[in-house]
Every structure is written in structure tokens, then in C-alpha cells.
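Work through the exercises below with the model open beside you. Try each task before you read its solution.

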Amino acid sequence: MSHTHTSQTLIPVDSDETPPTQIPTSPNPPSNSDPNPTLLHLSFNQDSGCFAAGTDGGFRIYNCDPFREIFRRDFGPGGGVGLVHMLFRCNILAFVGGGSDPRYPVNKVMIWDDHQSRCIGELSFRSEVKGVRLRRDRIVVVLAHKIFVYNFADLKVLHQIETIANPKGLCDVSHVSGNMVLVCPGLQKGQVRVEHYASKRTKFITAHDSRIACFALSQDGRLLATASSKGTLIRVFNTLDGSLLQEVRRGADRAEIYSLAFSHPAQWLAVSSDKGTVHVFNLKVDSGLLGHERSHSTSDSNPASPTAVSSLSFIKGVLPKYFSSEWSVAQFRLNEGLQYVVAFGHQKNTIVILGMDGSFYRCQFDSATGGEMTQLEYYNFLKPEETF
């Protein structure tokens, strides 16, 4: 599964500095835009302050708080965008064609500079691109059985990783400057591979018995949350030594987990599934206490604090496992069966939820009493008239 790529001159993207050009605001969408586009993809940017939407006719960028459309690019017929990702809030995006009439071939990643309103580079492959992740210094491209890591400044390939079949394009990277952590499926069912690039170490974690359905890294890359195809339990691991820190329970019945998200700092974990409920769990481990990579490179000890263990651990040997894992502290009910993506808002104890029907929810949870979340905002960004 070899690859080829061609590149034009790229604006240098330094790992410690955001590119200077900010995304322009476009308050008046083009008159030729489709009033009822089909949504193909949704993704938050690295700090969850914005999100990108790929449609069958182009892509759109939105601000989360306050909610507003920042700009859109409508390519018209033959303009399908199946994947679109922002680079923080700068003018550089990456997207892949998609839908029934794609803008570009589905085996190409296009690097788009919205300051110039054109593609400034591309990466071509011999098979369909399943996922893309961006850092200020790296581009990660996910294929069905392989992952490529590129240097952003010149599009030179730095690393190749073989994976088990990965049709969802599962992959995540840490977003803080400096040490890069990448997580992807391993070569065995239920296995996750963690790459620590600073120390050039690879860690394999056997996270579940069944296949991995979803995972997410904390922003600093020290914590990893995983869910399997069963969708009942979510496990939180220390990426440095692979130890299990906490196990939480979404529910008792099988579910398809769509999205996992850590708050920043990693005090809370949000989970969305096809059951139509977003759950928020309280994390009992402080990622700041886990130490640095080098401090655990030769140690097999578990750095988790005693509070990382379930509050019911003293009866684990008596009651079934169903009772020994922790339940969510807050929930929000949505339409069952629809795919939702979640992230934590910039306001304290808030959640942002995006639906593949164009729905945008901003909700707040009570960290002390828990229970049902309060809906603060709702918009349908595909049909602006549906707002309340």
C-alpha cells in the first residue's frame, strides 16, 4: 500500500507559533449555496472552539461560543467534501473529497489555504483516505491498514504504521506543543498502539476483548479513553506505562460509541452513542501527576492514585462487574440512532454536541449534583430558521 505525493510551496507552520493569518468572517453566504446540503462530516478543531462541516457541496466553518458561521466554501455540484479538519483557528485546512459527487478524489488529502482560496499542496495515495489529523507541525493520514505521519512544513513522510483493518479511520494525536503522542489501532483485535515520539517509544495496550470502536487522547497525550464494539464500558489508561486507571459504564446494553472527549484539564470525560444520550463521567486521576515519559520508561509501577479505583472497589469480589464500574454524573437526551460528536465548551461545565442532522447543542451540567444537563442553546446550522 505504497503512496505518492506532490506538494507545492507550503506556508511554514512552526510548532510553537500559530500561523498569523486568522480565518476571515464571511457574514453573507454566497447566493449560489445549496439551501439544503447533505452533511458528510463534522470535526472540532484542536481546542474545540470551532468546528468544520463537510457537505455534498463544500465545507463550512463555525464558531462555538458564541455560535456563528465564520465562513463557507460552496463548490456547487461535484463539490462533495467527505472529511474536513481545521488547524486551530488559522487559514490552513485539510480536506478529502466525499459523497456521491466528490470535489477531489477520495484518495487525496488537499491542503487548503483559505487566505488564498486555493489548495497549496496535496497528498495522494493508492487507496481511500479514512481519516486526517492535524498538528501545527504534523499531518497524519489514515488509510484502511496504514497510517502516514508527515512534516507539515514540507510534506515529507516521517513515519509509517501498519494497523489492523481500520475502516473508521481511528486515530488521535496530542495537541499541545512539543512532545507528540499518537494513538491508533494495533495489529490485533482490541489492541491500541501508542507512539511517544519524543522518547521514540511504542506502547501496545490490550484495551478490550472485542474490536476498538472509538478512542480519544487528552490534550497532553497522557490519558487515553477507549471503547469497544460492545459500547458498555469505557476504559481510561495511562499512555506512559499502559496501566488501566479507571473504568466507567455507559450502560448495560450494547451501543455504538460515536465520540469520546476529555475536558481540559482532564477532569471530565464525555461520551456519545447511538442510544441518543450523552454521558459525562468524573475522572479520578490527575494527568498532571502521571509524570513525564522518561520517569516511567523503566518502571512497571502503576502511578495511579488510590482515588483512581472505583468507589465500589471494596465489593468487587462480591458483586458482579456490572456494579463495580462507575456510572455517569450527568446526561443529556437526544434523538436515538443519530450520530453525534461531543466536546467540552470553553465555559465551565459546558458540553457542545454536534449532530449529523445539522443540530448544535450547548449544554451545562452541575458538577456537584449531576443529573440531567441544562440546554443553553440549540441551532440547526443547515437550516438557520430552526433555532430556539
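A residue counts as buried under 20% relative accessible area and as exposed over 50%; in between it is partly exposed. Keep in mind that this is a predicted model.

**Exercise 1. Is S48 buried or exposed? Find its loop and describe its backbone.**

Step 1. Locate the residue. S48 sits in the loop between β2 (39-44) and β3 (50-55).

Step 2. Check the backbone. The phi of S48 is positive, about 65°, although S48 is not a glycine.

Step 3. Apply the cut-off. S48 has a relative accessible area of 16%, so it is buried.

**Exercise 2. Which bond joins D65 and P66, and where is P66 found?**

Step 1. Read omega. For the bond between D65 and P66 it is about 0°.

Step 2. Name the bond. D65 and P66 are joined by a cis peptide bond.

Step 3. P66 belongs to the loop between β4 (58-64) and β5 (67-74).

**Exercise 3. Describe the peptide bond from H264 to P265.**

Step 1. Omega is near 0° here, and the bond from H264 to P265 is cis.

Step 2. Find P265 in the loop between β22 and β23 (268-273).

**Exercise 4. Which residues gather in a patch of positive charge on the surface? Is R254 buried or exposed?**

Step 1. List the members. The patch consists of K189, R211, K230 and R254.

Step 2. Pick R254. Its loop runs between β21 (244-249) and β22 (257-262).

Step 3. Apply the cut-off. R254 has 54% relative accessibility, so it counts as exposed.

**Exercise 5. Describe the chain as a whole. How many helices and strands does it have?**

Step 1. Count the elements. There are 31 strands and 0 helices.

Step 2. Turn to burial. The chain has 388 residues, and 56% of them count as buried.

Step 3. Take the surface. The accessible area of the chain comes to about 16400 Å². Carbon and sulfur atoms account for 49% of that area.

Step 4. Finish with contacts. Consider those between residues at least 6 apart in sequence: 47% of them join residues at least 24 apart.

Key. Residues numbered from 1 in each chain as written. Predicted model: local features only at pLDDT ≥ 70, side-chain atom pairs only at ≥ 80, totals over all residues. Heavy atoms only, no water. Patch = residues over 30% accessible without salt bridge, like charges linked within 9 Å, V, L, I, M, F, W, Y side chains within 5 Å. Areas by Shrake-Rupley, 256 points an atom, 1.4 Å probe, with all protein chains shown as cover. Salt bridge = Lys/Arg side-chain N within 4 Å of Asp/Glu carboxyl O. Lys, Arg positive; Asp, Glu negative; His and termini not counted. Charge placed at Lys NZ, Arg CZ, Asp CG, Glu CD. Helix = DSSP H or I, 4+ residues; strand = E, 2+ residues; numbered from the N terminus. Buried < 20%, exposed > 50% of the residue type's maximum accessible area, 1.4 Å probe, protein only. Contact = heavy atoms within 4.5 Å.
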